[in-house]
Amino acid sequence: MARNQPRPEATSELRLEPMDNHCPICEGKLWVAYHNARTVATLSGLVRLRLVIRRCVNPECALYQRSRRPEQEGAFALPQGEFGLDVIALVGALRHAEHRSVPEIHRELSGRGVGISERSVTNLLDRYEELVALRLSGNAGLRKRLEEQGRAVVAIDGLQPDVGHEVLWVVRECLSGEVLLARSLLGGTSEDLAPLLEEVADALPVAVEGVISDGQHAIRKAVARTLPGVPHQLCQFHYLREAAKDIYEADRHAKKELKKRVRGVRPIERELEGRNDPEAEAMRGYCLAVRSAITDDGRPPLAASGLKLHERLSAIHDSVERVGKKGSESPES
Ligand SMILES: [Zn+2]
């Protein structure tokens, strides 16, 4: 998509890796083939995804040199999509549950900080409608692709836009990165979800070898019922994302409080103006250290900037204490 201005910098960064390091066929270790990065505009900001792509390196294996992408990549966005699935779910809900027009949806998204043009809103609405109309049984191309791959690993995610009461449930195939089915449902009980998984399992030309989800009780029950015996892996990333919300808030608060305590660097610097003695030099150095500590931001959720600031300020504090001690001891000794 053409873009007049460069995208602003991502507000968070996540590193995603394939959940399994071993080839499902030859059981050999999958090697890191390359890293890939993409930026996705989500309702919680621009997310930079750092993707680790692995490959089987056994020339005898049917999966030799086939790329294995992180399973969770598809939970963020459709392949090649610039906008998150959560944005698509919200666009669909605003249009169909709230009957809002494209300009109204555009205003709503802009108000939530999603940088988007009206034309892209129309595109996302098309994507939404394609998704919910998707029928695996009628999609010969996708079926062929899955047949070639010989197996399926299915993931199910519920995207809940905070308007209306519908949840967009998306069932993906993780090895191909394709969406198999998407339905907007009022409920999310195991009775609601089991038919979705049934429909997918019936239409898939290959066996489901694994299921990935955030482990909600209703999903677990639905999986146990429709795909008995199939390993169900809970995605660590979901835990991380949920845990990260609280950690992020706590960290942001800590950072704000810490910053309050190191105000007044500028007046100290002003007092030192014109002085060139070693003491003034040292104090200037400390002022600079404090300044750079408070402007150095980490990217949530993995780099907590509050913790980082605490570490740096503690180091400065300890150093000042040591100097202070030396200063008071040295005249006598
Ligand atoms: Zn292999």
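Student: Which residues in H3 and H4 meet in this predicted model?

Tutor: The model is predicted. On the H4 side the residues are Glu-118, Val-121, Thr-122 and Leu-125. Those in H3 that meet them are Val-102, Pro-103, Ile-105, His-106 and Leu-109.

Student: How do the residues of the contact of H3 with H4 divide into nonpolar, polar and charged?

Tutor: Glu counts as charged, and Val, Leu, Ile and Pro count as nonpolar. The contact of H3 with H4 divides into six nonpolar, two polar and one charged.

Student: Are H3 and H4 roughly perpendicular or roughly parallel to each other?

Tutor: Helix H3 (residues 102-111) packs on helix H4 (residues 118-133) with the axes 9 Å apart and at an angle of about 105 degrees. Angles of 65 to 115 degrees count as roughly perpendicular. H3 and H4 are therefore roughly perpendicular.

Student: At roughly what angle do the axes of H6 and H7 cross, and is the crossing left-handed or right-handed?

Tutor: Helix H6 covers residues 190-203 and helix H7 residues 217-226, and their axes come within 8 Å. They cross at roughly 45 degrees, which makes H6 oblique to H7. The crossing is right-handed.

Student: How many residues of the contact of H6 with H7 are charged?

Tutor: The contact includes Glu-198 of H6, and Lys-221 and Arg-225 of H7. Eight of its residues are nonpolar and two polar, and the charged ones number three.

Student: What is the bridge partner of Ala-41 in S3?

Tutor: Strand S2 (residues 30-42) pairs with strand S3 (residues 45-56) in the antiparallel sense, over twelve bridges. The two strands form a hairpin with two residues between them. In S3, the partner of Ala-41 is Leu-46.

Conventions
Residues numbered from 1 in each chain as written. Predicted model: local features only at pLDDT ≥ 70, side-chain atom pairs only at ≥ 80, totals over all residues. Axes fitted to C-alpha atoms, helices over the stretch in contact; angles between N-to-C directions. Helix = DSSP H or I, 4+ residues; strand = E, 2+ residues; numbered from the N terminus. Parallel < 35°, antiparallel > 145°, perpendicular 65-115°, else oblique. Left-handed = near helix turned anticlockwise from the far one by under 90°. Contact = placed C-beta atoms within 7 Å. Pairing = 2+ DSSP bridges.
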